[in-house]
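Please read the points below alongside the model.

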Amino acid sequence: MKSVDAHLADILATVRPLAPLELDLEQVLGATLAEDVSSPVPLPPFDNSAMDGYAVRADDLSEIPVTLPVIDDVAAGSTELRAVGPGHAVRIMTGAPLPAGADTVVPVEWTDGGTVSVRIDRRAEAGNAIRRAGEDVGAGDVVLEAGTVIRPAQLGIVAGVGRRRVKARPRPRVVIISTGAELVEPGSPLTTGQIWESNSYTLTAAVREAGAEGYRVGSVTDDPAVLLDRLDTHLVRADAIITSGGVSMGAYEPVKEALSPLGTVRFEKVAMQPGMPQGFGVLGDDQVPIFALPGNPVSSFVSFVLFVRPALDKMRGLPSGLPSSVTARAAGPLRSPSGRRSFLRGVLAPDGTVAPVHGQGSHQLAALAAANALIVVPEDVTEVAAGAAVEVIKL
Ligand code: AMP
Ligand code: MG
């Protein structure tokens, strides 16, 4: 059997970072910058008021209280500014440019709020409540480096330096297809032998959580021709494809039957539990990676965590590898098959202990839903004593 590490290594050797595109501000959330972004101007671009108040000369505040005539009113966006002469005050709003002559802003709370004249009750030092040009960013400064993922705050600074488009690797578009003649859409009634289809929902959500775009195209029956047709339809818009089911040893394994003859997808046994049968390869002229995951719900989810997620990271231009783990203490004894790496579903507690959930079958989706961690038991370990150190992957 192939090791987990060897299987992931093969996958990462095949998938490539997506080519950067010029992405509009509206499309760039979640993308990975492929250029350094710098500001063409200082930010703020001009000295401006940090508060609503009065722009004055600090020298005029030597005796407090003092009453000064208000000679102008400037709001944010004002362009015509009268200079503040000695003994004058200008009413000013947050973000408005500081008029020439003024060297301090007295917050409105320290005054009587007058509009013709203003009584100032408290002294403001020179420079008070003034935001200086360039104090956030200097002209030409790099504000985001290539390789940064655009999250909301990063999107803000892209807009804040005036860029409409940036060069970035887009979020991978991933098409998810379930296979199985027994599958019924949730919301429809079951008849004998049927179950509600869940994998495509789990996998699409996991794809989205991994920073990619998930397109759930529902399930197909166990007819390989139908699957091939469905793949053909969706290949054009996919950067990757995930299928679930139909890859084991039995009859009616549509994914294996459809893809094996192509010669570009390999079906192998990987030394892990859950998730032993795995298919991976490429499809079409564009060599779109396809992950043919096993159908058992826990198996397909664990396979996603171990193999698909790192591949998506690589496609996004991010560091990729097995998910990181932390060391915990086993709350009770654990058992694991020899020769396979186990990923037991567990609950990691705040005290650093981890307990396996009840129900470790690869079909036991409710047990998976109750877990917050995968307990990793190495291939050569069959028993773990209570209290022993174990590695866990947080979910
Ligand atoms: P397979 O890998 O197709 O042999 O499926 C293995 C097991 O997983 C069977 O019990 C299937 O009914 C179940 N299964 C397969 N696909 C799904 C799915 N999309 N949602 C829920 N269960 C599934
Ligand atoms: Mg099946």
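Where is the place of Pro-65?

1. Pro-65 sits in the loop between S5 and S6. Helices (H or I, at least four residues) and strands (E, at least two) are DSSP runs, numbered from the N terminus. The peptide bond from Ile-64 to Pro-65 is cis, with omega near 0°.

2. This is a predicted model, in which local features need pLDDT of at least 70 and side-chain atom pairs count only at pLDDT 80 or more, while totals for chains, interfaces and linings use all residues. Residues are numbered from 1 along each chain as its sequence is written, chains are lettered from A and ligands numbered from 1 in the order in which they are written, and side-chain values use heavy atoms, with hydrogens and water left out.

3. A cis peptide bond also runs from Leu-43 to Pro-44, with omega near -10°. Pro-44 lies in the loop between strand S3 (37–38) and strand S4 (48–49).

4. Asp-60 belongs to the loop between strand S5 (53–56) and strand S6 (66–74). Asp-60 is buried but has no salt bridge. Buried means under 20% relative accessible area, exposed over 50%, and partly exposed in between (1.4 Å probe, protein chains only). A salt bridge needs a side-chain nitrogen of Lys or Arg within 4 Å of a carboxyl oxygen of Asp or Glu. The nearest side chain of opposite charge, Arg-57, is 5.2 Å away; for charge, Lys and Arg count as positive and Asp and Glu as negative, with His and the chain ends not counted.

5. The side chain of Asp-60 does reach the backbone nitrogen of Gly-87, at 2.6 Å. Leaving aside residues up to four places away in sequence, Asp-60 touches Val-66, Gly-85, Pro-86, Gly-87 and His-88 (contact means heavy atoms within 4.5 Å).

6. In helix H1 (residues 4–14), the buried residues are Val-4, His-7, Leu-8, Ile-11 and Leu-12. They are on the same side of H1 because they cover an arc of only 130° around the axis, taken from the directions from the helix axis to the C-beta atoms. Their packing partners include strand S18 (265–269), helix H6 (297–315) and strand S24 (341–348).

7. Tyr-252 is not a glycine, yet has a positive phi of about 55°. Tyr-252 is in the loop between strand S17 (240–244) and helix H5 (254–259), and counts as exposed at 65% relative accessibility.

8. Gln-287, likewise not a glycine, has a positive phi of about 55°. The loop between S20 and S21 holds Gln-287.

Key: A polar contact is a pair of N or O atoms within 3.5 Å; within protein, one must be able to donate a hydrogen and the other to accept it, and residues adjacent in sequence count only if both atoms are side-chain atoms.
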